[in-house]
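Subject: Structure handover

Hello,

Please find the structure below, followed by notes on what turned up in it.

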Amino acid sequence: MKSESAELVSGLIRQYRRLRLLYLGYLAAAVLALVAASLVYHLVVVRRAGKAYQRAFVHACGQCTLARRLQDARHTEAPTLEEGELRRARLVAANDAKGSVLVREGGSGTYHGRRVRLGDAGFTHSFSMEGKTHHEFVVGTWVTVELGKDTGLDWRLIHERVMMKPSRDAMLRRESGLRRAVGFGPGWMEDGTWFALRPEGKPDVPGDAFLAALRRLSAATDKPLAVCVQGDRLHVFVTNRILGQKVSSRVPPSAAVAEVDFLPELDGILKASDALV
């Protein structure tokens, strides 16, 4: 991993230096009052190079983040998750219209033989309040761990801050098959800030080891979590955690890029999956 990280950082530094030279060329043209030429140069050359650098920076950080914890780690611009599987988990409210659930770049790898896929996800939900239509946009990073065995569970745990109350209430009305499980979990789950949901007739909660792992995960982050154990898969949505972050081209990259952690919750998510197999 160290050689791969060093190679990524080295390539990023070379790309940054080229970008700075292009910026200097643009400024030189502007100083010489070649306004039209400098504008074309910026749009055709500098802007394109800047976008390529941003993609390379995000890829380097994302690749290093995944490679620290996964085998065969691969960060990609193309999504590794599908809209349908996010909808089937029934974790976050979304409109029925196409485009209301979006999946962006992410990556994949394996952990103890379990396939792991993740990516940035966004949910759009509309609701009426005080005679007006409001729109809520919830974004974050979605992680799916394929467990390799059927847990027999169809269970969810959603923090109250994942979405606004009107969106959550609307989702619960629409997902009429889900029932709130109350009084079956440990004290921290029953403090009113979490919503445990499962279809009627299904087991109320997973085992104590998994719940303890979730407790450690939630205590280690300030991001609201939504968790689903559904058959042979564990889904975790980390609200407001974004892999495809914006990058400043004014700050030169360094070896520290390899140490940037775009998803610090991943370690806790993987450990929670250990308790399900």
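Leaving aside its neighbours within four places in sequence, which residues is W142 in contact with? Counting heavy atoms within 4.5 Å as contact, they are L81, L86, A89, L91, R117, L118, G119, A121, F123, H235, V236 and F237.

First, the basis. This is a predicted model, in which local features need pLDDT of at least 70 and side-chain atom pairs count only at pLDDT 80 or more, while totals for chains, interfaces and linings use all residues. Residues are numbered from 1 along each chain as its sequence is written, and side-chain values use heavy atoms, with hydrogens and water left out.

W142 sits in strand β4, residues 132-146; strands (E, at least two residues) and helices (H or I, at least four) are DSSP runs numbered from the N terminus. W142 counts as buried because its relative accessibility is 0%. The cut-offs are under 20% relative accessible area for buried, over 50% for exposed and partly exposed in between, with a 1.4 Å probe and protein chains only. The side chains of W142 and T144 are joined by a polar contact of 3.1 Å. That term means a pair of N or O atoms within 3.5 Å; within protein, one must be able to donate a hydrogen and the other to accept it, and residues adjacent in sequence count only if both atoms are side-chain atoms. T239 is 97 residues from W142 in sequence, yet their C-alpha atoms are 8.5 Å apart.

Aromatic pairs

Rings of Phe, Tyr and Trp (its six-membered ring) pair if their centres lie within 6.5 Å; planes under 30 degrees apart are stacked, over 60 edge-to-face, and the rest tilted. The count by this rule is 6 aromatic pairs. W142 and F237 have ring centres 5.8 Å apart and planes at 45°, so this pair is tilted. The pair links distant parts of the chain, with W142 in β4 and F237 in strand β9 (residues 233-239), 95 residues apart. Both W142 and F237 are buried. For W188 and W194, the ring centres are 5.6 Å apart and the planes stand at 85°, so the pair is edge-to-face. W188 and W194 are both buried as well. One aromatic cluster is formed by F123, W142 and F237.

The sheet

An open sheet of 9 strands runs in the order β1-β2-β3-β4-β9-β8-β5-β7-β6, with antiparallel pairing; two strands pair if DSSP finds at least two bridges between them. Its edge strands are β1 and β6 (178-180), each pairing on one side only. Neighbouring strands are turned by 20° against each other on average, direction ignored. Axes here are lines fitted to C-alpha atoms, for helices over the stretch in contact, and angles run from 0 to 180 degrees between N-to-C directions.

Strand β2 (residues 101-111) has 8 of its 11 residues buried. β2 runs antiparallel to β1 (residues 71-76), joined by 4 bridges. R74 stands opposite S108 in β2, and Q71 has T110 as its bridge partner. T110 is also partnered with R115 in β3. β2 and β3 (residues 114-129) pair over 9 bridges in the antiparallel sense. They form a hairpin with 2 residues between them, and H112 in the turn has a positive phi of about 50°.

Helix α4 (residues 165-174) lies across β3, β4, β5 (154-159) and β7 (194-199), at about 100° to β3.

Regards
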